[in-house]
Amino acid sequence: MLTADSSMTDRLYYHDSFLYDFDARVVEALERDGKHAIVLDRTAFYPTSGGQVHDLGMLTADGQQIPITEVADEEDGRILHFASTPLAVGSHVHGTVDAARRLDHVQQHSGQHVLSAAFIQLFNMPTVSFHMGEESCTIDLETNGLTAAQAQKTEYLANQVIAEDRPVGIRFVLLEEARQLGLRKLPPKQTGDLRLIDITNFDLTACGGTHVRATGQIGSILLRKIEKVKQGVRVEFICGLRAVSTARRDYSTLTEAAALYSSHIYDVPEQVRKSLGEAKAAGKAQHKMLEELAAFSAERLLSQAAGLPQLITEFFPDRDAVFIKLLAQKLTAGKSSVIALLASGAGQPTLVFAQTPGQKSNMGQLMKDAMAQLGGRGGGSADMAQGGLPAGAGNMADVEKTLYLIAATVQTSRPHS
């Protein structure tokens with residue numbers, strides 16, 4: 001590790017979240033987990049921290065542009081800039097932050113402050129954690145439940161605050177002073193000066209993230225999903241330009257779905273319910289027909305089988321596992337002693353072995369023998385076993401050949417009639 005200065009990195013974003021260009025000097029170069037890491041004396045790059053993900057951008061030195069792929073916060077106050085190319089200590093660089101990514105993060109993080117404050121003011125539901133994802137953000141609320149009506153009321157208040165374009169101030173205070181100011185939340189590490197984010201007459205909290213200058217820059221807040229989690233209730237939301245692009249995608253998806261049903265987008269849920277009902281009814285009817293076919297096939301096969309127990313071996317290249325399982329049940333449900341060795345070729349190649357209960361053969365062991373030959377997986381009890389190969393795997397001829405080899409084994413062990 002090379003070091004020219006061990007002082008903390010000056011965090012320029014603390015004072016201006018819309019600073020995208022800056023000049024700095026490399027004070028340390030090191031390797032971390034096999035990657036090049038650069039420490040600057042000052043930076044506008046935000047490191048992953050407090051639920052907000054890191055910035056991306058470029059460092060330019062001597063005409064060479066070096067992409068910054070990750071930014072990490074060290075406990076000693078340094079900020080590590082990960083890059084594919086190392087830089088020498090003492091090098092002067094020009095940094096450029098990805099402005100679109102930063103704006104998105106500013107809108108999401110500031111929106112979270114407004115949303116969390118709204119939940120406190122309306123329903124006294126404190127936020128216990130915040131996570132910013134690539135597509136959406138979440139907050140976890142300390143509460144036993146959240147109704148749709150409560151969520152809508154909170155969303156409305158949050159967007160009112162945005163529409164009012166309230167100023168958002170940044171100030172630094174001592175910990176003792178902060179304790180007297182009625183902050184919504186104090187950070188877990190309560191040492192040194194605290195950076196406070198002040199949404200005028202609405203929210204005051206300690207935070208090291210990037211934020212808007214006024215709430216109007218958040219654009220909008222849209223709540224997306226509510227789910228119960230171990231620590232309370234998780235609320236998914238999006239803000240600003242991300243909310244616009246997501247709403248556009250949602251609308252396009254609904255429009256496409258409505259076109260398939262030849263209906264208005266507001267009628268899509270009812271159309272889906274109707275389709276699901278029809279599909280369920282059709283499924284029941286189809287299953288009944290399949291049962292009737294299995295019963296008919298069982299009668300035919302039993303009438304053709306000789307000896308005791310009756311040994312029935314059939315390969316159905318165009319049937320699936322559901323049919324041969326139903327057939328096996330029909331064949332072995334009567335009073336006669338029957339051994340059924342069946343296989344299907346449609347979809348996932350499947351074998352089903354069954355016998356009338358109380359016989360000496362072991363279907364589970366026979367299935368293990370078959371799967372060992374075919375390279376599949378399966379098992380079961382002495383009276384019923386099932387196994388299969390991945391869809392498209394194996395050769396149908398191999399499945400049929402194995403089926404009849406197993407049948408030959410059973411045939412030789414049958415008592416002669």
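The legends below describe close-up views of a predicted model.

**View A. Gly145 and its surroundings.** Gly145 lies in the loop that joins β11 (137-141) to α2 (148-163). Its relative accessibility is 32%, so Gly145 counts as partly exposed. Leaving aside residues up to four places away in sequence, Gly145 touches Met125, Gln150 and Val233. Gly232 is 87 residues from Gly145 along the chain, yet the C-alpha atoms of these two residues are separated by 7.2 Å.

**View B. The aromatic pair of Tyr13 and Tyr14.** The structure holds six aromatic pairs. Tyr14, with a relative accessible area of 24%, is partly exposed. Ring pairs also link Tyr13 and Tyr14 with Tyr46 and Phe172 into a cluster.

**View C. The aromatic pair of Phe130 and Phe237.** The rings of Phe130 and Phe237 are stacked, at 6.4 Å centre to centre and with 25° between the planes. This pair links distant parts of the chain: Phe130 belongs to strand β10 (residues 127-132) and Phe237 to strand β16 (residues 232-239), 107 residues apart. Both Phe130 and Phe237 are buried.

**View D. Charged side chains over rings.** The charged end of Lys35 sits over the ring of Phe82, at 4.9 Å from the ring centre. Arg319 lies over the face of Phe323, and here the distance from the ring centre is 4.8 Å.

How values were computed:
Residues numbered from 1 in each chain as written. Predicted model: local features only at pLDDT ≥ 70, side-chain atom pairs only at ≥ 80, totals over all residues. Heavy atoms only, no water. Helix = DSSP H or I, 4+ residues; strand = E, 2+ residues; numbered from the N terminus. Buried < 20%, exposed > 50% of the residue type's maximum accessible area, 1.4 Å probe, protein only. Contact = heavy atoms within 4.5 Å. Phe/Tyr/Trp six-rings, centres within 6.5 Å; stacked < 30°, edge-to-face > 60°. Lys NZ or Arg CZ within 6 Å of the ring centre and 35° of its normal.
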